[in-house]
Amino acid sequence: MSAQESEKLANFPSECLEVKPLCEKILSYFPNADIDQVQRAYLFSKKHHEGQFRRSGEPYISHPVGVSEILADLRLDLPTIMTGLLHDTVEDTEATLEDIEREFGQTVAELVDGVTKITQLSFKNTHEKQSENIRKMIVAMGKDVRVILVKLADRLHNMRTLGHMPYEKQKRIGQETLEIYAPLASRLGISSIKMELEDLSFRFTHPDRYYELVQKVSKKRKEREKYIDDVKKILEDEIGSRFKGGFEIQGRPKHFYSIYKKMAASNLDYEQVYDLLAFRVIVDNIPQCYEILGHIHTLWKPIPGRFKDYIAIPKANNYQSLHTTVVGPGAERIEIQIRTHEMHLVAERGIAAHWKYKSSGKVDVKMEEQMEWLQELVSLHQQSGSSGEFLENIKTDLFDSHIYVFTPNGEVKEFREGATPIDFAYAIHTDVGNHCVAARVNGKMVPLRTRMKSGDTVEVLTSKNKTPSKDWLKYCVTSKAKSKIRSFVQEEERKRARQIGQDLLEKEFRKYGMSLGKNLTDGKINDIEELKKTGANNVEDLYVRVGYGKMLPKQVVKAVAPDAKTLDEKKEEESFLSKAYKSAVQRKKKSRSIISVDGMDDILVRFAKCCNPIPGDPIKGFISRGRGITIHKADCEKIFAIDHDREVDVAWTVKSAPEGVERMARVRVVAQDVPGLLRLMSEVFSSLGINIYNAQIRTTKDRKAVCLFDVAVKDTAQLSKAMQNLEKIKGVLGVTRVTQI
Ligand code: MN
């Protein structure tokens with residue numbers, strides 16, 4: 001520390017001690033800084049926030065000081081740090097912009113004004129509004145990116161102290177941070193702030209998942225630390241013996257949110273997620289980066305498709321590095337980044353890294369060049385009137401989990417990733433959704449299930465005759481589309497049930513030599529006690545109830561004419577459809593079946609022994625004489641022999657079978673005959689909560705073990721998970737599902 005700095009710190013005024021650590025930080029990277037100004041800004045802010053408190057009970061001034069310290073960590077200039085101290089004074093105290101300009105000059109006043117404007121923006125906390133929110137923020141920021149940096153620091157400090165807020169507010173603010181501030185930090189390349197914002201948001205938006213993960217991660221900490229040390233040591237030895245220049249190696253676990261995203265994206269448990277560790281080799285110059293890469297690829301096998309050269313082709317935010325993933329010791333996948341010291345600075349501090357200090361305290365011109373992206377953004381917005389055009393123009397990775405697509409007349413629509421033209425159609429209008437047949441994306445015809453991408457121009461084709469089908473539910477992500485499709489399908493089922501009900505009743509009446517029509521005109525139907533009891537007091541409701549199997553046709557006849565007798569001789573001719581329904585309805589269970597027949601979920605069914613369908617399998621149903629309805633797998637060979645007229649519409653009513661009604665499935669495993677195999681295999685089932693009902697093992701002549709497991713599973717997903725895990729066992733040669741049990 002220079003004599004000048006020591007003197008400044010030694011004579012630190014006692015009323016400013018709270019900002020002494022802040023001033024030390026500033027002097028460490030900017031020795032000539034005029035810290036008197038920092039002290040003045042602090043005193044001004046403290047005076048105006050006097051009597052205000054944070055939720056934690058601390059005096060309010062602790063917040064602006066915390067914000068300024070974050071800004072000093074990014075090594076920003078004095079006006080920015082002073083803005084950190086003053087950022088809430090105009091919004092929350094008597095102080096005016098004129099006061100600030102008089103006391104601290106025009107630059108600081110403009111920055112405070114920018115931050116105040118952003119603070120006053122009301123962000124709508126819905127997905128639909130995200131683009132608008134970010135646009136607002138960029139516009140409010142004006143030409144000076146420092147405004148955003150102060151706002152990011154402000155948000156980071158608020159997130160760090162969010163624990164004092166009520167639960168609902170934590171969730172909302174966490175969500176907003178995840179949707180707006182973390183992507184913005186990422187776009188500006190400030191990975192340190194981005195990662196901290198993501199982890200904090202994750203903790204407040206998904207506390208259960210967060211703490212569960214923290215616990216799991218900490219359980220394996222010792223193991224992981226040792227592994228990191230091992231890898232570092234190998235790298236140091238190997239590189240050290242071949243490489244002339246200086247180098248630095250860092251190893252760390254990835255941050256929680258990125259692990260969580262990985263788990264969520266591929267539906268894995270923590271134990272199954274690969275490349276949780278990231279290593280970094282930092283060298284002096286670019287040729288050395290490639291040299292190190294060569295050494296690493298000689299040492300460990302790279303995983304194809306994972307090498308990225310961000311040195312030759314930097315990211316939009318100027319990030320540069322080489323990325324590779326290799327198979328490290330113990331067959332563990334590890335990610336390695338190779339970069340120079342300068343690149344490292346940019347990676348950690350992003351746009352803030354471009355502040356260079358001259359003795360005058362002026363900012364280096366180089367920074368201005370690096371900010372081209374932001375300036376372009378602002379001028380783009382000024383040129384283009386609508387936010388649609390604006391978004392079309394920027395198309396940045398800010399919006400990584402959302403897509404923006406365009407209507408033929410240039411209006412922008414926002415969707416979650418995975419959305420299809422079906423979502424798009426319903427977003428336009430319910431009628432468009434209900435009648436869409438196909439879509440044109442960027443002028444090309446595509447099926448409705450096609451996933452849309454950001455920047456696509458989407459046009460939906462409709463036809464009066466087309467109506468929604470249940471299948472569409474699989475291909476849409478928006479709640480609007482889902483609920484509209486569901487209500488349409490339910491209405492259709494109701495109509496069908498009504499028709500079935502009417503048919504069944506007409507037949508039933510005929511069976512007794514009576515006429516439904518005549519009883520209707522007599523008004524007798526309306527007097528049925530059972531109908532009145534349920535409040536279903538018109539004939540339409542009666543048809544529906546009969547159609548759904550909630551009331552038997554016979555009950556209706558008996559209610560109208562208690563002494564009616566059937567025409568015995570006609571009994572044989574009775575359509576077997578009606579018979580099948582009758583027998584099915586008579587045997588109906590109290591509980592809801594996992595299969596629905598013609599939209600009704602209380603019809604008794606049996607599963608074909610030839611193919612044993614389980615939830616998740618595509619299925620077909622057939623009426624079998626006297627035995628109700630039999631469910632086959634849609635690809636079962638037996639069904640080719642069955643008369644097509646007997647087919648009825650069947651569907652699973654559940655994604656997976658509830659406890660107690662799991663379906664039996666048989667799995668065949670062929671493996672090398674090695675000891676302990678059975679234990680490993682049964683562990684696979686028990687770890688997934690699958691009960692084994694029967695296990696058979698025989699050994700073949702060529703010393704292979706063939707095992708058959710009969711297990712009770714909930715659905716195909718659970719079964720395939722088990723089969724995948726079985727395949728991972730060392731020595732296992734093949735795993736197949738046997739459908740015939
Ligand atoms: Mn604030």
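**Notebook: contacts, metal site, sheet and helix pair**

I began with contacts, meaning heavy atoms within 4.5 Å: among those in the chain between residues at least 6 apart in sequence, 64% join residues at least 24 apart. I note that this is a predicted model, in which local features need pLDDT of at least 70 and side-chain atom pairs count only at pLDDT 80 or more, while totals for chains, interfaces and linings use all residues. Residues are numbered from 1 along each chain as its sequence is written, and side-chain values use heavy atoms, with hydrogens and water left out.

**Overall content.** I found 30 helices and 21 strands in the chain; helices (H or I, at least four residues) and strands (E, at least two) are DSSP runs, numbered from the N terminus. Of the 741 residues, 46% are buried, that is, under 20% relative accessible area with a 1.4 Å probe and protein chains only.

**Metal site.** I looked up the manganese ion and found it coordinated by His 63 (NE2), His 87 (NE2), Asp 88 (OD) and Asp 154 (OD), at 2.2 to 2.4 Å. Donors are N, O and S atoms within 2.8 Å of the metal (3.2 Å for Na, K and Ca); water is not among the atoms, so sites may look incomplete. Along the chain, the donors follow the spacing H-x23-H-D-x65-D. I checked burial for two of these residues: His 87 is buried at a relative accessible area of 0%, and Asp 88 counts as buried at 6%.

**Sheet.** I traced an open sheet of three strands in the order β10-β9-β11, with antiparallel pairing; two strands pair if DSSP finds at least two bridges between them. Its edge strands, each pairing on one side only, are β10 (444-446) and β11 (458-462). Strand β9 (residues 436-441) pairs with β11 over five bridges, and Cys 436 has Thr 462 in β11 as its bridge partner. Helix α21 (residues 421-428) lies across β9 and β11, at about 80° to β11. Axes are lines fitted to C-alpha atoms, for helices over the stretch in contact, and angles run from 0 to 180 degrees between N-to-C directions.

**Helix pair.** I then examined helix α23 (residues 479-511) and helix α27 (residues 553-560), which pack at about 55° with axes 9 Å apart. That makes α23 oblique to α27, since angles under 35 degrees count as roughly parallel, over 145 as roughly antiparallel, 65 to 115 as roughly perpendicular and the rest as oblique. I recorded the residues that meet, including Leu 504 and Phe 509 in α23 and Pro 553 and Val 560 in α27.

Definitions and conventions:
Buried < 20%, exposed > 50% of the residue type's maximum accessible area, 1.4 Å probe, protein only.
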